[in-house]
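Me: I am new to this structure and would like to go through it step by step. Please show it first.

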Amino acid sequence: MRTDELEESVSALRMMRDTALKVANDIYQWKWIVIASHNALQGFMVLALRNGNNLTIMPDRLARKWLEAYRADKPLPAERLDSFPNLYEKIKGEDMERLVMSRCFTATAEQDRCVKKLQELRNDFIHFVPKGWSIEVSGLPSLCLAILEIIEFLGWESLNVLWHKKGQREEAESIISELKVTLKALNDQYQKIS
């Protein structure tokens, strides 16, 4: 198995799509959609922030230490990815202005709310503490649609992602189109029930 940051991001989108197709018959699939959505957004944030090196995707303090060690020709500290919330803040700031035409992300209050909720849900699933837990799923399709809006901005409108592998960009665009149709149908179905 071989992967890289582009493959990881597109693979997470694929998982979102494939799992979203199953959720109508198995509501528990929302767990995996949430986890895949988080993974896809994180992957696209990394793609949009990465500037030929990993400094902008590391915690700021570590990036400074890494740069100091590099300039002093000393052993480099181990790289570590910045936290999800910090990466989200970074896509809204100057770290996104890599190229002349680059654009930073301007979030709506709803997108901010959805990203925060996605992070909470994903953490509760990944770090599950034994308990009984009920989740209202009627808002999850619209949450995922908001996440897809951010991913689309990062992947195409920010002008920061370079699609190297032939067909990968087209595949990602196709997956997102399919996902939107599925999520809108689920949203409509849930709204009729409530």
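Me: What pattern does the protein follow, read along the sequence?
Reply: This is a predicted model, in which local features need pLDDT of at least 70, side-chain atom pairs count only at pLDDT 80 or more, and totals for chains, interfaces and linings use all residues. Residues are numbered from 1 along each chain as its sequence is written, and side-chain values use heavy atoms, with hydrogens and water left out. Helices (DSSP runs of H or I, at least four residues) and strands (E, at least two) are numbered from the N terminus; the protein has seven helices and zero strands. The pattern along the sequence is α-α-α-α-α-α-α.

Me: What radius of gyration does the protein have, and what would a compact globule have?
Reply: The radius is taken over C-alpha atoms, and the globule rule is 2.2 Å times the number of residues to the power 0.38. The C-alpha atoms fill a box of roughly 60 × 40 × 40 Å along the principal axes. For 194 residues a compact globule would have a radius near 16 Å, which agrees with the protein's 18 Å.

Me: What percentage of the residues is buried?
Reply: Buried means under 20% relative accessible area, exposed over 50%, and partly exposed in between (1.4 Å probe, protein chains only). Of the 194 residues in the protein, the buried ones make up 44%.

Me: How far apart are the centres of the positive and negative side chains?
Reply: Lys and Arg count as positive and Asp and Glu as negative, while His and the chain ends are not counted. Each charge is placed at NZ of Lys, CZ of Arg, CG of Asp or CD of Glu. There are 27 positive and 28 negative side chains, and the distance between the centres of the two sets is 3 Å.

Me: Which residues does Ser9 touch, not counting residues up to four places away in sequence?
Reply: Ser9 is in helix α1 (residues 5-20) and is buried, because its relative accessible area is 0%. Contact means heavy atoms within 4.5 Å. With residues up to four places away left out, Ser9 touches Ala40, Gly43, Phe44 and Leu47.

Me: How far apart in space are Leu47 and Leu186, C-alpha to C-alpha?
Reply: Leu47 sits in helix α2 (residues 29-49) and counts as buried at 8% relative accessibility. Beyond four places in sequence, its contacts include Ser9, Arg98 and Val161. Leu186 is 139 residues from Leu47 in sequence, and their C-alpha separation is 29 Å.

Me: Is Leu118 buried or exposed?
Reply: Leu118 lies in helix α5. Among the residues that Leu118 touches beyond four places in sequence are Val34, Leu41, Phe84 and Ile147. Ile35 is 83 residues away in sequence, with 8.5 Å between the two C-alpha atoms. Since the relative accessible area of Leu118 is 0%, the residue is buried.

Me: Which backbone nitrogen lies 2.9 Å from a polar atom of the side chain of Gln111?
Reply: Gln111 is in helix α5 (residues 109-126) and counts as buried because its relative accessibility is 7%. A polar contact is a pair of N or O atoms within 3.5 Å; within protein, one must be able to donate a hydrogen and the other to accept it, and residues adjacent in sequence count only if both atoms are side-chain atoms. The nitrogen at 2.9 Å from the Gln111 side chain belongs to Thr108.

Me: What is the phi of Asp73?
Reply: Asp73 is in the loop between α3 (60-71) and α4 (84-90), and counts as exposed because its relative accessible area is 71%. Most residues other than glycine have a negative phi. Asp73 is not a glycine, yet its phi is positive, at about 55°.

Me: Where is Leu159, and what is its phi?
Reply: Leu159 is in the loop between α6 (140-157) and α7 (168-193). At 43% relative accessibility, Leu159 counts as partly exposed. Its phi is also positive in a residue other than glycine, near 65°.
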